[in-house]
Amino acid sequence: MELDGRLVVVTGGTRGVGAGIARSFLEAGAEVVVCARRPPREPVCADGRTAAFAALDLRDPAAVQEFFDAAGRRYGRLDCLVNNAGGTPYRLLGEGEAQRHARVVELNLVAPMTASLSAYPLLREAHGSVVMIGSVSGTRPSPGTAAYGAAKAGLENLARSMAVEWAPEIRVNSLVLGMVRTELAHLHYGDEAGIAAVGATVPLGRLAEPGDVGAAAVFLASGRAGYVSGASLLVHGGGERPAFLDAATVNKEN
């Protein structure tokens, strides 16, 4: 197996994209630990193997440090940290006080930095890697989720800086995600017809599946990406068709 004997930690790995990433690493032969504030409804499994779960609030630096210290004592190594935990409610900037927006930044930017710093000694010893889970929201305007977009933009820059500071022992890369179909997709896009309509706006004709993201994360953590660091890999199905192409009248039949 490609990652046989390796230990991978996936934050927020109990559902959605995180669970898909964890399953992909299990399929690649890695031992996987997922952490989140609450346990999964069902164990995260793949190929007859199950990810271990640890309860953890990533916004508690002392708890994060203890989690990685305990992982080091139990497993003796850490080969990859996937900073996946994050998210945001829809909230226009004028509809919430600064403190609410700051908590979004804390979860999506400060928490990954906290986890990475706590994991650093183990990753350095193993010559491991960090994979940041970013978003296209960090590369374009993000109305309604402005703090989230700002945090994801910062996360991508943080990864590039870490890649320079922590080389050559640790590689650091980002996955920049577009829309992903998860068990919560209906909350964002509506029923199956709505999900299909949104998927049709993507050049590849569908939303990503969590396994698509997982496969990309496994690649970045593997030896096949041994010379890839400081990179941002777009996992967005080709992106978005520019709106001006549909608005322009040139080259259109009357």
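Predicted model: local features only at pLDDT ≥ 70, side-chain atom pairs only at ≥ 80, totals over all residues.
Residues are numbered from 1 along each chain as its sequence is written, and side-chain values use heavy atoms, with hydrogens and water left out. Local features need pLDDT of at least 70 and side-chain atom pairs count only at pLDDT 80 or more, while totals for chains, interfaces and linings use all residues.

**View 1. Helix H2 packs on helix H3.**
H2 covers residues 61–75 and H3 covers residues 98–126. Helices (H or I, at least four residues) and strands (E, at least two) are DSSP runs, numbered from the N terminus. The axes of H2 and H3 come within 9 Å and cross at roughly 25°. Axes are lines fitted to C-alpha atoms, for helices over the stretch in contact, and angles run from 0 to 180 degrees between N-to-C directions. That angle makes H2 roughly parallel to H3. Angles under 35 degrees count as roughly parallel, over 145 as roughly antiparallel, 65 to 115 as roughly perpendicular and the rest as oblique. On the H2 side, the contact (heavy atoms within 4.5 Å) is made by Pro61, Val64, Gln65, Phe68 and Gly72. On the H3 side, Thr114, Ala115, Ser118, Ala119 and Leu122 take part. By class, this contact of H2 with H3 has 6 nonpolar, 4 polar and no charged residues. Here Ala, Val, Leu, Ile, Met, Phe, Trp, Tyr, Cys and Pro count as nonpolar, Asp, Glu, Lys and Arg as charged, and the others, Gly among them, as polar.

**View 2. Thr114 sits in helix H3.**
Thr114 counts as buried, at 17% relative accessibility. Buried means under 20% relative accessible area, exposed over 50%, and partly exposed in between (1.4 Å probe, protein chains only). Leaving out residues up to four places away in sequence, Thr114 touches Pro61 and Val64. Both Pro61 and Val64 are among the H2 residues that meet H3.

**View 3. Glu125 lies in helix H3 and is set against Val136.**
Glu125 is exposed, with a relative accessible area of 64%. Glu125 and Val136 are 11 residues apart in sequence. In space, 32 Å separates their C-alpha atoms.

**View 4. Helix H3 also packs with helix H4.**
The axes of H3 and H4 are 8 Å apart, at an angle of about 20°. H3 and H4 are therefore roughly parallel to each other. H3 passes H4 in a right-handed crossing. From H3, the residues that meet H4 are His101, Val104, Val105, Asn108, Leu109, Pro112, Met113 and Ser116. From H4 come Ala147, Tyr148, Ala151, Lys152, Gly154, Leu155, Leu158 and Met162. Sorted by class, the contact of H3 with H4 has 11 nonpolar, 4 polar and 1 charged residues.

**View 5. Helix H4 spans residues 146–165.**
H4 has 20 residues and reaches 29 Å from its first C-alpha to its last. That is close to the 28 Å expected at 1.5 Å a residue (1.5 Å times one less than the number of residues). Buried residues of H4 include Ala147, Tyr148, Lys152, Glu156 and Ala163. The buried residues of H4 pack against H3, strand S7 (129–135), strand S8 (171–177) and strand S9 (232–235). Ala146 is also found in H4. Ala146 is partly exposed, with a relative accessible area of 28%. The C-alpha atoms of Ala146 and Gly230 are separated by 24 Å. Along the chain, Ala146 and Gly230 are 84 residues apart.

**View 6. Ser142 lies in the loop between S7 and H4.**
Ser142 is buried, with a relative accessible area of 12%. Ser142 touches Ser137 and Gly149, not counting residues up to four places away in sequence. Gly149 is one of the buried residues of H4.

**View 7. Helix H1 (16–27) crosses helix H7 (residues 210–221).**
The axes of H1 and H7 come within 7 Å and cross at roughly 50°. That makes H1 oblique to H7. The crossing of H1 and H7 is right-handed. In H1, the residues that meet H7 are Gly16, Val17, Gly20, Ile21, Ser24 and Phe25. Their partners in H7 include Pro210, Val213, Gly214 and Ala217. This contact of H1 with H7 has 9 nonpolar, 5 polar and no charged residues.

Definitions and conventions. Left-handed = near helix turned anticlockwise from the far one by under 90°.
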